[in-house]
Amino acid sequence: MANPYVLLETSMGEILVELFADKAPKTVENFLSYVDEGFYEGTIFHRVIRDFMNQGGGFDMMMKERQTKAPVANEASPEVPNLRGTIAMARTMEPHSATAQFFINAKDNHFLDRRGDTPETYGYCVFGRVEEGMDVVDKINKLRTKRFGFHDDVPVDPVTILSAKRFEME
């Protein structure tokens, strides 16, 4: 069976993502459950670090955090590195704490790859890659950011996820 696709429609353009169901099945299932529930609609890219990554999927425009389900097991693998254009699960320092937030790598970030089984070396699970829309990812990555409450690297001009839907490739 072919890998599923999700189309993220943002206030700055569309990003089409192929999900690696063959490499991170639990993570893809988790992500698609949020997509199917409409969870990501109205969330923003709340953390953007130039030449690093764009993180979203957890906060609305007022920086109010959305309620999530239980964390998903971290399926990070050295065979699926954090390369430019890949999408990975955001998490705390606890390796198995990812819920709904994700990030898109703006460059190769090998220091985020799995190198072992300790909290410091477990890595961040890559579960897909941008197929179309890297120009949008790059535009978002160049935005000016500010501090907002307890949060750093928040875009001055919010980038909203208007919709996140499964996309059928022909």
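Is Asp-51 buried or exposed? Asp-51 is exposed, with a relative accessible area of 54%.

**Figure 1. Overall fold of the predicted model.**
The chain contains two helices and ten strands. Read from the N terminus, these elements follow the order β-β-α-β-β-β-β-β-α-β-β-β. The C-alpha trace spans about 40 × 35 × 30 Å along its principal axes. The radius of gyration is 15 Å, which agrees with the value near 15 Å for a compact globule of 170 residues. Residues 24 or more positions apart supply 68% of the contacts with a separation of 6 or more.

**Figure 2. Surface and charge of the chain.**
The accessible surface amounts to about 8600 Å², and carbon and sulfur atoms contribute 53% of this area. Of the 170 residues, 52% count as buried. The chain carries 20 positive and 27 negative side chains. The centres of these two sets are 5 Å apart.

**Figure 3. The nonpolar cores and the surroundings of Phe-127.**
The largest nonpolar core comprises 33 residues. Within this core, the residues with the most contacts are Ile-15, Phe-31, Tyr-40, Phe-102 and Phe-127. Helix α1 (residues 25-36) provides the largest share of the core, five residues. A second, separate core has ten residues, among them Phe-52, Met-53, Tyr-124 and Val-126. Residues up to four places away in sequence are left out of the contacts of Phe-127, which include Phe-31 and Phe-102. Phe-127 also touches Glu-18, Leu-19 and Phe-20, as well as Ala-24, Thr-27 and Val-28. Ile-87, Ala-88 and Met-89 are likewise in contact with Phe-127.

**Figure 4. Helix α2 and the strands packed against it.**
Helix α2 covers residues 134-141, and six of its eight residues are buried, so the helix is largely enclosed by the rest of the structure. The buried residues are Met-134, Val-136, Val-137, Asp-138, Ile-140 and Asn-141. They pack against β1 (5-10), β2 (13-19), β3 and β4. Strands β6 (102-105) and β7 (126-132) are also among the packing partners of these buried residues.

**Figure 5. His-46 in strand β3.**
His-46 belongs to strand β3 (residues 45-49). Its relative accessible area is 4%, and because buried means under 20%, His-46 counts as buried.

**Figure 6. Asp-51 and Asp-153, two residues with positive phi.**
Most residues other than glycine have a negative phi. Asp-51 has a phi near 60°, a positive value in a residue other than glycine. Asp-51 is located in the loop between β3 and β4 (53-56). Asp-153, which is not a glycine either, has a positive phi of about 65°. Asp-153 is part of strand β9 (residues 151-155). Whereas Asp-51 is exposed at 54% relative accessible area, Asp-153 counts as partly exposed at 25% relative accessibility.

**Figure 7. Thr-145 in strand β8.**
Thr-145 is found in strand β8 (residues 145-148). With 32% relative accessibility, Thr-145 counts as partly exposed. Thr-145 and Phe-45 are 100 residues apart along the chain, and their C-alpha atoms are separated by 11 Å.

**Figure 8. Pro-158 in the loop between β9 and β10.**
Pro-158 lies in the loop between β9 and β10 (161-167). Its relative accessible area is 38%, and Pro-158 is accordingly classed as partly exposed. Pro-158 contacts Ser-11, Ile-44 and Met-61, leaving aside neighbours within four places in sequence. From C-alpha to C-alpha, Pro-158 and Thr-43 are 9.7 Å apart in space, while 115 residues separate them in sequence.

Note on methods: Residues numbered from 1 in each chain as written. Predicted model: local features only at pLDDT ≥ 70, side-chain atom pairs only at ≥ 80, totals over all residues. Heavy atoms only, no water. Helix = DSSP H or I, 4+ residues; strand = E, 2+ residues; numbered from the N terminus. Rg over C-alpha atoms; globule rule 2.2 N^0.38 Å. Buried < 20%, exposed > 50% of the residue type's maximum accessible area, 1.4 Å probe, protein only. Contact = heavy atoms within 4.5 Å. Areas by Shrake-Rupley, 256 points an atom, 1.4 Å probe, with all protein chains shown as cover. Lys, Arg positive; Asp, Glu negative; His and termini not counted. Charge placed at Lys NZ, Arg CZ, Asp CG, Glu CD. Core = buried A, V, L, I, M, F, W, Y, C linked by side-chain atoms within 4.5 Å.
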